[in-house]
Amino acid sequence: LKARLEKMEAMLLNDASNEHSSDSEPETTAAPTPFDDWDMGTIKAWIEDQGGRFDGRWSVERAREEAAKLNDRLAQEAA
């Protein structure tokens, strides 16, 4: 799981650096996250394992967004 997250983070960083060097118009869709294909149970477990708080009222899309925010915050703290 950790290796998968690291791979996805590297892909996101690569995509972000490519966006800055591109002359094309920015995309209007949300950037992919490591959590895009995770189910609700897996996201809930990951958030709680990382010390986050999961809200059972969230939609799966919201849970993925919150997991991505937590992942970004953890990466910043580790840097």
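**Figure 1. The whole chain at a glance.** Reading from the N terminus, the elements of the protein chain go α-α-α. That comes to three helices and zero strands, where helices (H or I, at least four residues) and strands (E, at least two) are DSSP runs numbered from the N terminus. Keep in mind that this is a predicted model: local features need pLDDT of at least 70, side-chain atom pairs count only at pLDDT 80 or more, and totals for chains, interfaces and linings use all residues. Residues are numbered from 1 along each chain as its sequence is written, and side-chain values use heavy atoms, with hydrogens and water left out. Of the 79 residues in the protein chain, 20% count as buried; buried means under 20% relative accessible area, exposed means over 50%, and partly exposed is in between (1.4 Å probe, protein chains only). Take the contacts in the protein chain with a separation of 6 or more: 47% of them come from residues 24 or more positions apart. A contact here means heavy atoms within 4.5 Å.

**Figure 2. Helices H2 and H3 packed together.** Here H2 (residues 40-49) and H3 pack at an angle of about 30 degrees, and their axes are 10 Å apart. The axes are lines fitted to C-alpha atoms, for helices over the stretch in contact, with angles running from 0 to 180 degrees between N-to-C directions. That angle makes H2 roughly parallel to H3, since angles under 35 degrees count as roughly parallel, over 145 as roughly antiparallel, 65 to 115 as roughly perpendicular and the rest as oblique. The crossing of H2 and H3 is left-handed, that is, the near helix is turned anticlockwise from the far one by less than a right angle (clockwise would be right-handed). On the H2 side, the contact is made by Met40, Ile43, Trp46 and Ile47, and H3 brings Val60, Ala63, Arg64, Ala67, Leu70, Asn71 and Leu74. Sorted by class, the contact of H2 with H3 has nine nonpolar residues, one polar and one charged. In this sorting, Ala, Val, Leu, Ile, Met, Phe, Trp, Tyr, Cys and Pro count as nonpolar, Asp, Glu, Lys and Arg as charged, and the others, Gly among them, as polar.

**Figure 3. A closer look at Val60.** Val60 is found in helix H3, which covers residues 60-78. With a relative accessible area of 24%, Val60 is partly exposed. Leaving out residues up to four places away in sequence, Val60 touches Trp38, Met40 and Ile43.

**Figure 4. Aromatic rings side by side.** A pair of aromatic rings is described by the distance of the centres and the angle of the planes. Rings of Phe, Tyr and Trp (its six-membered ring) pair if their centres lie within 6.5 Å; planes under 30 degrees apart count as stacked, over 60 as edge-to-face and the rest as tilted. By this rule there are four aromatic pairs. Phe35 and Trp38 form one that is edge-to-face, at 4.8 Å centre to centre and 85 degrees between the planes. Both Phe35 and Trp38 are buried. Phe54 and Trp58 also form an edge-to-face pair, with 5.3 Å centre to centre and 75 degrees between the planes. Phe54 counts as buried because its relative accessibility is 16%, and Trp58 counts as buried at 14%. As for clusters, Phe35, Trp38 and Trp46 form one.

**Figure 5. Gly51 in a loop.** You'll find Gly51 in the loop between H2 and H3. Gly51 is exposed, with a relative accessible area of 65%. Its C-alpha atom and that of Leu70, 19 residues apart along the chain, are separated by 9.3 Å.

Figure 6. Lys69 is found in helix H3 and is partly exposed, with a relative accessible area of 47%. Lys69 and Thr33 are 36 residues apart in sequence and 9.8 Å apart in space, C-alpha to C-alpha. Glu9, for its part, is found in helix H1 (residues 2-21). At 26% relative accessibility, Glu9 counts as partly exposed. Glu9 and Asp72 are 63 residues apart in sequence, yet 9.1 Å apart in space, C-alpha to C-alpha.
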